[in-house]
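Please open the structure in a viewer and keep the selection tool at hand.

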Amino acid sequence: MTADGAVELTSFMLEKNKTLADFILATQDIHVWLSKRAGFRRRHTFQDDSGRIYDLVFWDKKVQGVKAMEKLMVVFPDASVHSMINQRTVNWCVTPVFVS
């Protein structure tokens with residue numbers, strides 16, 4: 001198997017009275033910043049029937065996704081989006097994608 005990039009997946013619930021549309025609007029500046037990071041491929045955000053949000057980012061390499069997330073928390077420490085997320089529900093991982 002050969003690695004073909006990496007996937008960063010963050011999932012979480014929003015705080016009460018917040019919507020997917022609110023989240024997407026609140027992350028516009030973060031999306032622009034992410035899209036300028038080395039190795040960024042694309043980003044998709046969606047919500048399942050339970051209300052859980054999934055933020056899926058594709059990178060050239062796992063290390064690029066990890067570095068971007070670490071730096072994002074420094075560059076955007078007071079972003080309004082942080083208070084929209086129920087922090088106790090956050091799951092985050094970055095893993096290589098393998099193709100056969």
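The stops below treat the sheet, then the helices, then single residues.

This is a predicted model, in which local features need pLDDT of at least 70 and side-chain atom pairs count only at pLDDT 80 or more, while totals for chains, interfaces and linings use all residues. Residues are numbered from 1 along each chain as its sequence is written, and side-chain values use heavy atoms, with hydrogens and water left out.

**The sheet**

Begin by selecting the four strands, which form an open sheet in the order E2-E3-E1-E4 with antiparallel pairing. Strand E2 (40-47) and strand E4 (91-99) are the edge strands, each pairing on one side only. On average, neighbouring strands of this sheet are turned by 20° against each other, direction ignored. Helices (H or I, at least four residues) and strands (E, at least two) are DSSP runs, numbered from the N terminus; two strands pair if DSSP finds at least two bridges between them. Axes are lines fitted to C-alpha atoms, for helices over the stretch in contact, and angles run from 0 to 180 degrees between N-to-C directions.

Next, select strand E1 (residues 2-12) together with E4: the two pair in the antiparallel sense over eight bridges. Within this pair, Pro96 in E4 is the bridge partner of Ala6. E1 also pairs with E3 in the antiparallel sense, over seven bridges, and here Phe12 stands opposite Ile53 in E3.

Now move to E2 and E3, which form a hairpin with five residues between them. Gly51 in the turn has a positive phi of about 100°. In this pairing, Phe40 stands opposite Trp59 in E3. Six of the seven residues of E3 are buried (under 20% relative accessible area, with exposed meaning over 50% and partly exposed in between; 1.4 Å probe, protein chains only), so E3 is largely enclosed by the rest of the structure.

**The helices**

Select helix H2 (residues 28-35), which lies across E2 and strand E3 (53-59) and runs at about 150° to E2. Its buried residues are Ile30, Trp33 and Leu34. They cover an arc of only 100° around the axis, which puts them on the same side of H2; the arc is that of the directions from the helix axis to the C-beta atoms. Their cover includes E2, E3, H3 and helix H4 (81-84).

Which residues of H3 are buried? Selecting Gln64, Gly65, Ala68 and Leu72 shows them. They cover an arc of only 95° around the axis, which puts them on the same side of H3. These buried residues pack against E1, H2, E3 and E4, where contact means heavy atoms within 4.5 Å. On the other side of H3, Lys67, Glu70 and Val74 are exposed.

**Two single residues**

Select Arg43, found in strand E2. Is Arg43 buried or exposed? Arg43 is buried, with a relative accessible area of 14%. Its side chain makes polar contacts with the side chains of His31 (3.4 Å) and Asp55 (2.8 Å). A polar contact is a pair of N or O atoms within 3.5 Å; within protein, one must be able to donate a hydrogen and the other to accept it, and residues adjacent in sequence count only if both atoms are side-chain atoms.

Finally, select Asn17, in the loop between E1 and helix H1 (20-26). Asn17 counts as exposed at 69% relative accessibility. Its phi is near 70°, a positive value in a residue other than glycine.
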